[in-house]
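Reader: I have a model open and a few things to go through. Can we take it piece by piece?
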Number of protein chains: 4
Amino acid sequence: IYRRPHTTRIPFNVAGIYPPIATPFTENEQVDYGKLQANLLHYREIPFRGFVVQGSNGEYAYLTKEERVEVVRRVREVVPKEKLIMAGSGCESTQATIQMTLEMAKSGADAVLVVTPSYYKGKMTSSALVHHYIKVADHSPVPVVLYSVPANTGLDLPVDAIITLSQHPNIVGLKDSGGDITRIGLIIHKTKQSGFQILAGSAGFLLAGYSVGAVGGVCALANVLGAQVCELERLCINNHWQEAQELQHRLIEPNTAVTRKFGIPGLKQAMEWFGFHGGFCRSPLLPLTEQEINELRNVFTNNGWL
Amino acid sequence: IYRRPHTTRIPFNVAGIYPPIATPFTENEQVDYGKLQANLLHYREIPFRGFVVQGSNGEYAYLTKEERVEVVRRVREVVPKEKLIMAGSGCESTQATIQMTLEMAKSGADAVLVVTPSYYKGKMTSSALVHHYIKVADHSPVPVVLYSVPANTGLDLPVDAIITLSQHPNIVGLKDSGGDITRIGLIIHKTKQSGFQILAGSAGFLLAGYSVGAVGGVCALANVLGAQVCELERLCINNHWQEAQELQHRLIEPNTAVTRKFGIPGLKQAMEWFGFHGGFCRSPLLPLTEQEINELRNVFTNNGWL
Amino acid sequence: IYRRPHTTRIPFNVAGIYPPIATPFTENEQVDYGKLQANLLHYREIPFRGFVVQGSNGEYAYLTKEERVEVVRRVREVVPKEKLIMAGSGCESTQATIQMTLEMAKSGADAVLVVTPSYYKGKMTSSALVHHYIKVADHSPVPVVLYSVPANTGLDLPVDAIITLSQHPNIVGLKDSGGDITRIGLIIHKTKQSGFQILAGSAGFLLAGYSVGAVGGVCALANVLGAQVCELERLCINNHWQEAQELQHRLIEPNTAVTRKFGIPGLKQAMEWFGFHGGFCRSPLLPLTEQEINELRNVFTNNGWL
Amino acid sequence: IYRRPHTTRIPFNVAGIYPPIATPFTENEQVDYGKLQANLLHYREIPFRGFVVQGSNGEYAYLTKEERVEVVRRVREVVPKEKLIMAGSGCESTQATIQMTLEMAKSGADAVLVVTPSYYKGKMTSSALVHHYIKVADHSPVPVVLYSVPANTGLDLPVDAIITLSQHPNIVGLKDSGGDITRIGLIIHKTKQSGFQILAGSAGFLLAGYSVGAVGGVCALANVLGAQVCELERLCINNHWQEAQELQHRLIEPNTAVTRKFGIPGLKQAMEWFGFHGGFCRSPLLPLTEQEINELRNVFTNNGWL
């Protein structure tokens, strides 16, 4: 396959904590740009490395092409230059992904996060995925971060594909949301020489991720407990493993609650309790029932966060 | 939830065989409308009930919004009025699905086929899916056919949701591509009174589908062996079970080859051998390797079709 | 591998309906041989082809080696010679399976049903399973029926292994409990010349099984509604497909209830309502709760059986 | 349910590294007690905490009842009193498990490791599993360690069941072989007060296990690279995380090779290269092909172990 003649990897360090920011909607399901920007101003106090815009938690799958670009533009407006904006530009087809990547870079994204295409999962072999990502990376004006999220896509980006792709100068890292720590360790081991970087895709295994060599995390929970997730990062990188362990333990249940258990409606509900604007979800996502809200609240209470 | 006051189900019979037509692309991945229309003219001889446009085999996931509508329009141009056009209008969000449904109806679709939204599969509960489909059906000017295809979506539309939805006057049937024949039998049993109709989503279990009460099929293989699939239909509805069985047996391997095993690239390759235009696929789908082409050809040869 | 020089397949016809009989236990979990034999006397009126002793529903996994043999002996005592006894002799190791096969044949089994070994499922490749079954079949004094039950074993006997094994003169058929009707049709197609026979492993897809060429069924539900399952057989083999369909529909929910949904405790409970002795289960199987009993009963009532 | 009046947990510390020892067989598949004992003498130099006899890697599923007990007896003969013998006593039925537990304790086991019963997995609810383990623990003269190994059983012992069981005074810990590090962290968090201990079930996630609070590991790879696995333990408990990470990285591929990839035949082959007696496997496990042996060897060579 054709590749632009890159000679060296663009030096680009993605280490740190990122919330994959939620997209608040109004009651009639329009993007609420005011609340979106308000949240970002609110996040200023927190030592995030940057923001993931349109990770899975941003309901990107429910945004139109135009909205996806506009959301990035509005985020860039209020986020200072020194914070990275990593924009989710993945689409099912390669050409749509390239198009979206170009537009997001133009709108201010510092890097793009490209989810595996997955609808025809039976044919998304290592070979097909390698071709896809190389074409995208060849055309992208900004660094590319791979994104594997099997809970949503039903597809785990294969380790051999990741190893191959880690050698592309414009592919700088991987967000792994699968949480298989043995696999994550192996990927880090096999891509060490190329400076490839791994971000844990969830606060649930952030400590374990650091223990095997991850350099940060993209954590839904950071939308709610951002300072605490950053504190966990600090403890890990300063080798305070005992305190890190205690903090990690108290984050697991809240994390599961705002991801696997109650999903984005749970995440948005919890954001409201901590002073952020969750807003409404787009249909077909349903709001939580009262019983679910109580259960969710208990999880935060029982772990000492509310 | 709000529902338009329908008093009775729109009488709408979907019984029969439909190819979920492939979308040929040119070498540089543009929709090849010429080849698309040529295929349809070619299919005139075959007693199809109609055509599914933008089922999974139409690579709908790789088309832009504009292309999706344009493909329906072009198909309608060459397909006679008495043949049904069932257009796949499913999107991830409810509002995008409604929008697409309206546009496809305007472009000549007689019915829409609505795949389950699936990206946030953990939250696509029966309740969420029922809400989604009711909103779509309430707004759709044409009848709605549900579409469950777990091999692509990782999600099986739950039986209880189907039973509830079967009572909506504008939801007329289900295309079930999962192939669990016990489940299909149960759905037919539980929706009998409402005149709800089931279409087998594959030629692999078409005979078994008829045996438990399905009224037809949407079969990828009908793009290639359309006359034979229609002959199987004829044998089933005329109670020639012995001959039907023999024909069914010879269709299983070719069917698996152009679906699960070699996917759309295999389907398109086989179309070429039988006088149709498969054309190229859009990336990230890769063309078959030479070895795969040989294997595919052997499957058709060994079952007496080439 | 070594194989006894068989020249021709032993002519052995397994066509027909078999209940995989339950093993009643006393309150303190001893095999209740009295109730076991009473059930068999009771089944005399029903035109079963024979009985499967120690299929999954016989709780064979909970019986000691000695009990497994003794149960076969006691069943043989009361079952007339013209009824086939097919005894489940599968164990995890090949040598234990051969040993058990020899003892069951000596105790009166007319054939053995050999479940796939499955504990080390990662290494139970086609090749390993073919070796296993050939050794067992070479040593077995009675015909061998393969048994694939993925719901319990987490393993589906691969089609290529079945095709290879179908050529062994002492392997006469397959009980397929997976219920993938496309797969069943393919197996029948590919083993046609060797006289290999397929039994549907559940009443849920019995009609569909017949439609693609199965010759009978081993159906848990036949422990409860034996006459009705045999009536479904009669309708299918006499080409009364419309009546067959209606009967099949009414059997699906009761079948699911006594298998996947409520398991053996459900099966045993339902047996009591129809005049048979279900008896207790062995621990760790728990008896149904009152609510589960009510739900189970409703399933039989709603389908007109109680 | 009835429970013996225990007032306090038996103080019992399982922390440390254990190889789940392989069972060497002779060419004609008899247990080779000589080789078994020779391996144990060989392991004397390595600072293991003890030995797991008849974990999954001991091919316990292929041993007769008598062999299972005899293997424990022979191991005890050559293992010094200060090393723990943890014997796998799990069977499918509760009564067989209790019986086996009693015999293994009599034969010198210091604790028993009880795998989840799993054949009727659809009915192995939390409730059923809690009942099972409580009965076993009530009757066991030695401490009980729970054992969850979904790769073999298709069943993950649910977290809520583990929390309940952690309060039983005779249930002291869990060997978790699933490797979901978020789940492991959660279990440790929720059972902290009761002194319950977690052992990582594989060397692949041993470091990550320690990072979240596990106290040791039962690692197939320790049969081959025992000293290295113990060195990893030492680095972790002494907070040398950087060196631990480097060592962990080099152990992942060899670990995968002797477990998921090549299974017990791979483990036994690798043992031979490192001076231990792997011996033959029992059928249906097949020996590795020459190509597999080469692949396996490369894994050890590439990571600097051969």
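Reader: What is the strand order of the open sheet in chain D?
Author: This is a predicted model. In chain D the nine strands run in the order β1-β9-β8-β7-β6-β5-β4-β3-β2, with parallel pairing.

Reader: Which strands stand at the edges?
Author: β1 (16–18) and β2 (20–21) of chain D. Each has a single partner strand, so one side of each is left without a neighbour in the sheet.

Reader: How many bridges between β2(D) and β3 of chain D?
Author: Two, in the parallel sense; β3 of chain D covers residues 50–53. I21(D) is opposite V53(D) of β3(D).

Reader: And what does helix α2 of chain D lie across?
Author: β2, β3 and β4 (84–88) of chain D. Helix α2, residues 65–78, runs at about 170° to β4(D).

Reader: Switching to chain A. At what angle do α10 and α12 pack?
Author: About 155°, with axes 8 Å apart. That makes α10(A) roughly antiparallel to α12(A), since the angle is over 145 degrees.

Reader: Which residues meet there?
Author: From α10(A), E253(A), P254(A), A257(A), V258(A) and K261(A); from α12(A), E295(A), L296(A), V299(A) and F300(A). By class, the contact of α10(A) with α12(A) has six nonpolar, no polar and three charged residues.

Reader: Last topic: what rotation superposes chain C on chain D?
Author: 180°, with 0.0 Å of shift along the axis and an RMSD of 0.0 Å. The two copies are thus related as by a two-fold rotation axis.

Reader: Which residue of chain C comes closest to the axis?
Author: G154(C), with its C-alpha at 3.2 Å.

Reader: Why say the copies meet through the same surface?
Author: Because 100% of the interface residues of chain C are also interface residues in chain D.

Definitions and conventions. Residues numbered from 1 in each chain as written. Chains lettered and ligands numbered in written order. Predicted model: local features only at pLDDT ≥ 70, side-chain atom pairs only at ≥ 80, totals over all residues. Heavy atoms only, no water. Least-squares fit on C-alpha atoms with pLDDT ≥ 70 in both. Contact = heavy atoms within 4.5 Å. Pairing = 2+ DSSP bridges. Helix = DSSP H or I, 4+ residues; strand = E, 2+ residues; numbered from the N terminus. Axes fitted to C-alpha atoms, helices over the stretch in contact; angles between N-to-C directions. Parallel < 35°, antiparallel > 145°, perpendicular 65-115°, else oblique. Nonpolar A, V, L, I, M, F, W, Y, C, P; charged D, E, K, R; others polar.
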